[in-house]
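The following report is meant to be read beside the sequence and the coordinates. It moves from single loop residues to the sheets and then to the packing of helices.

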Amino acid sequence: MRMNALRDYEPAPGRLVEWHPSESTSDSVGSALEHPAPPSSFQENHLRRSLANDAAGAVHSPWLATAFDLPGELDPAAMAGAWQRWVRRHATLLTWFENTGDELRRCALDAADVEFVPVEAGEYDSGADIRDHLLHRFATATSALSWPPFVLGAVLRPESSTVFFAVDHAHTDGYSIFLVFDELRRLYLEQVTGEPAELPEVGDHADFAALERARELGPEEQAAAARTWGEFWLDGGSRPPSFPLPLGLGDEPRGKLLTERELFDDAQATAFGKRCRAHRGGFPAGIFAALAIAAAELAGASSYRTLTPVQTRDEPRWAAAQGWFVNLVPLHFSLAGLSTFGEVLAAAEEAFVRARAIADVPVVKLLEVLGSQLRLQEDARTVLPIVSFIDLRRIRGSELWAEAGAQVLSGPGEGFDVPMWINRLRGLTYLKASYPDTPVAAANVARYLDRTKSVLHRVLADGDHEFRTAASLAAVE
């Protein structure tokens, strides 16, 4: 499943239908009770960031979306049943938050009160007009501070229909959004054919949030996490990680753009994995090693530092649940004295081991403990520049993504740095990067991604790659 900007998305024209809460469901919202579970650490951080952006009048898109095709003209009544089953199944989607100023209180609907009805939204002759409609709807109807925090819809045509779903990030993460396709497709087919969807049992993310908030950090656990984060922090001069090349940022806010590089096809990815194992490292560490070498060759970086998401789905009930089951861990390693990919890969693999050792310690909770000693987010509005790697090959239904044109969609916003997402699919591994809309950033991000891909393919071809820093390369040139 590819990641794309919604503003570059143009579905084929057709009849637009949305599914809205029924009148009785809307009435239930007014009498809903407060839910005892607090927001998780990351939910609260996300919501506070959204509020800060709203207060500043900044352009931001605190939602995630997915779109995919189903064959034939969709049956609106059957899809209403599928949406109802799916939303009731994932209890986080029944909740929203009220901002009291001091705290964010969770409220929840009873699952039995939730039903949806199809609402005609018009016949569209232009995919661009549908896109503009979606941009408006996703921006105005997906807030986690009201219910529903999502938009449900589809474009109907005789030969195929395009389903879309958008929801506030507070209720989903970058892995959860990939799960929507298979579950919704199965539930719809159950409505149409009677064939059981056969979905696994799932837990409630609100329960996860309550457990996370109630958990006390043991002294040894806290000390280990503080040590790892402290080393990462001091290695960067007490600053968050940032892109290694200039981005041309000034005082004025800049929009963000997306760019992509296809790194490997299926055979190349398999071969690269073998190359990494020959150097006693894993595939993800190999990707990070190439990113580090590109930073050394282009910018003279003497170490590599980034924040990388790790999943916290540590119980079977969370495996297929919608929610924010993610922690951030610091990945950093020195490049001093290293001159080959194999050597850098070994350092990256060791860094992964250190990072995984503290994966169960929520960084937001650790920041609360450490206070001003570690200030990763200097501006409440900004998103931290992460580098994410996800292997998506084993997600159920992923073999159908390409045929269904399935994709993840993101919205407009301001660009401050260069977050990256590396996704390994069944037939493709690609890197997606977001960057500020400046000529300097466009040029330097392209240089960096091209160099990274070059390093990966040199390793693929030769088994290793000998590199030199930017200073030594300049001396030769």
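S40 is buried, having a relative accessible area of 1%, where buried stands for under 20% relative accessible area, exposed for over 50% and partly exposed for what lies in between (1.4 Å probe, protein chains only). This residue sits in the loop that runs between strand 3 (33–34) and helix 2 (41–56), helices (H or I, at least four residues) and strands (E, at least two) being DSSP runs numbered from the N terminus. If neighbours within four places in sequence are left aside, S40 is in contact with R106, H205, A209, E212 and R213, contact being defined as heavy atoms within 4.5 Å.

The model is predicted, so that local features need pLDDT of at least 70 and side-chain atom pairs count only at pLDDT 80 or more, while totals for chains, interfaces and linings use all residues. Residues are numbered from 1 along each chain as its sequence is written, and side-chain values use heavy atoms, with hydrogens and water left out.

The C-alpha atoms of D110 and L33 are separated by 9.0 Å, although the two residues are 77 residues apart along the chain.

Seven strands make up an open sheet with mixed pairing, in the order 1-14-4-9-8-2-7; two strands pair if DSSP finds at least two bridges between them. Strand 1 (2–5) and strand 7 (116–124) stand at the edges with a single partner strand each, so one side of each is left without a neighbour in the sheet. From one strand to the next, the twist averages 25°.

Helix 4 (residues 127–140) lies across strand 2, strand 4 (63–71), strand 7, strand 8 and strand 9 (160–168), and runs at about 15° to strand 2, angles being taken from 0 to 180 degrees between N-to-C directions of axes, which are lines fitted to C-alpha atoms, for helices over the stretch in contact. Helix 5 lies across strand 4, strand 9 and strand 14 (407–410), at about 40° to strand 4.

The other open sheet has four strands in the order 10-16-15-13, again with mixed pairing. Its edge strands are strand 10 and strand 13 (387–391), each of which pairs on one side only. Neighbouring strands of this sheet are turned by 15° against each other on average, direction ignored. The following table lists pairings from both sheets.

| Strand pair | Sense | Bridges |
|---|---|---|
| Strand 10 (residues 256–265) and strand 16 | antiparallel | nine bridges |
| Strand 15 (residues 420–424) and strand 16 | antiparallel | five bridges |
| Strand 13 and strand 15 | parallel | five bridges |

Nine of the nine residues of strand 16 (residues 428–436) are buried, so this strand is largely enclosed by the rest of the structure. Both of its faces are covered, with L428, Y430, K432, S434 and P436 buried on one side and T429, L431, A433 and Y435 buried on the other. In strand 16, P436 is the bridge partner of K256, while K432 stands opposite W421. W421, in strand 15, is also the bridge partner of S388. A hairpin through three residues joins strand 15 to strand 16. Helix 9 (residues 283–299) lies across strand 10, strand 13, strand 15 and strand 16, and runs at about 150° to strand 13.

**Helix packing**

Helix 3 (residues 76–89) and helix 5 (residues 176–193) pack at an angle of about 130°, their axes being 8 Å apart. That angle makes helix 3 oblique to helix 5, given that angles under 35 degrees count as roughly parallel, over 145 as roughly antiparallel, 65 to 115 as roughly perpendicular and the rest as oblique. Residues of helix 3 including M79, W83 and W86 meet residues of helix 5, among them L184, L187 and Y188.

The axes of helix 8 (residues 266–278) and helix 12 (residues 439–462) come within 9 Å and cross at roughly 75°, and the two helices are therefore roughly perpendicular to each other. Here Q268, A271, F272 and R275 in helix 8 meet L456, H457, V459, L460, A461 and D462 in helix 12.
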